[in-house]
Amino acid sequence: MDLREFLIYWGAFFFLLNKIYFFKAEDAWNDWFENEERHFRIRSWEYYLVCLPAIVVVFYLTKGWLAAAVEAAGAPSMIQGLVRIKRGQEAKTPLWLLFVALGVSVLGLAYSVQMYSGLESWTQVCELGLSIGYFVGTFLLAYRNDKNGYLWYLLMHISTGGYFLLQEPISWTMVITQ
């Protein structure tokens, strides 16, 4: 097993745990079990932060600079939200963190366009879908409390799955977890 394969399994395993706990948090919220919702949300964010370094490195190794930038730029918001919810404070993310993530993503897009001399590959289109889905979904969920943000997350996950499907060799583990 080489480094890339190890990172894919690491990222996919903890990303899957993140999604399971995130689903349980939403389910607990719908059933009005606040303590369980808090517990599941904390675990979900912790597992995401554990998988994040592996996912960023895999994106970097596959020359997915925009995707790596989007994923890395979301870390400060996740850490801030995790710290606040563990302290029992309202976990509302400050708007400036969204602008930091957006700025880093614009840099990632600019680097990707510069490296490929334009928007020329399907992997770049997938990266663009990933970033648009992430930003619109996050804005709707975090700042408007609008559950339609999950539909934009669907675009993000489909784009990420497509990105890994286009890689050589195909990262089926990452495709399936998306």
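Which residues does R41 touch, not counting residues up to four places away in sequence? I started my notes there. The model is a predicted one, and in it R41 touches F22, A25, E26 and I85.

**R41**

I looked up where R41 sits, and the residue lies in helix α2, which covers residues 34-61. Its relative accessibility is 12%, and buried means under 20%, so R41 counts as buried. One of its contacts, I85, is also on my list of buried residues in α4.

**Whole chain**

I stepped back to get the overall layout. I count eight helices and zero strands in the chain. Read along the sequence, the pattern is α-α-α-α-α-α-α-α. The chain has 178 residues, and buried ones make up 46% of them. I also checked the contacts between residues at least 6 apart in sequence, and 63% of these join residues at least 24 apart. The chain exposes about 9900 Å², with carbon and sulfur atoms supplying 67% of that area.

**N18, in α1**

I went to helix α1 next, residues 3-30, where N18 is found. With 3% relative accessibility, N18 counts as buried. What does N18 contact once its neighbours within four places in sequence are left aside? I found S44, W45, Y47 and Y48.

How many salt bridges does the structure hold? I found one. It pairs E46 with R43, and the closest N and O atoms are 2.5 Å apart. Why are these two about one helical turn apart? They are three residues apart in helix α2, so about one turn separates them. I noted R43 as partly exposed, since its relative accessible area is 29%.

I flagged K63 for its backbone: its phi is positive, about 60°, although the residue is not a glycine. Most residues other than glycine have a negative phi. K63 lies in the loop between α2 and α3, the latter being residues 65-73. At 48% relative accessibility, K63 counts as partly exposed.

**Helix α4**

I checked the length of α4, residues 75-86. Its twelve residues reach 16 Å from the first C-alpha to the last, close to the 16 Å expected at 1.5 Å a residue. Its buried residues are A75, S77, M78, Q80, G81, L82 and I85. Just after α4 I found G88, with a positive phi of about 85°.

**Cysteines**

I looked for disulfides and the count came to zero. C51 has 0% relative accessibility and so counts as buried. C126 is at 13%, so C126 counts as buried too.

**L141, in α6**

L141 lies in helix α6, residues 122-143. Its relative accessible area is 18%, so I put it down as buried. Leaving out residues up to four places away in sequence, L141 touches D146, K147, G149, Y150 and Y153.

Does the length of α7 agree with or depart from the span its residues should give? Helix α7, residues 149-165, has 17 residues and should span 24 Å at 1.5 Å a residue; its end C-alpha atoms are 24 Å apart, so the two agree.

Which residues form a nonpolar patch on the surface? I got I132, L151, W152, L154, L155 and I158, with about 560 Å² of accessible area together. The largest share of this patch, five residues, comes from α7. I picked out L155, which lies in that helix. Its relative accessibility is 33%, so L155 counts as partly exposed.

Note on methods. Residues numbered from 1 in each chain as written. Predicted model: local features only at pLDDT ≥ 70, side-chain atom pairs only at ≥ 80, totals over all residues. Heavy atoms only, no water. Disulfide = S-S within 2.5 Å. Buried < 20%, exposed > 50% of the residue type's maximum accessible area, 1.4 Å probe, protein only. Helix = DSSP H or I, 4+ residues; strand = E, 2+ residues; numbered from the N terminus. Expected span 1.5 Å × (residues − 1). Patch = residues over 30% accessible without salt bridge, like charges linked within 9 Å, V, L, I, M, F, W, Y side chains within 5 Å. Areas by Shrake-Rupley, 256 points an atom, 1.4 Å probe, with all protein chains shown as cover. Salt bridge = Lys/Arg side-chain N within 4 Å of Asp/Glu carboxyl O. Contact = heavy atoms within 4.5 Å.
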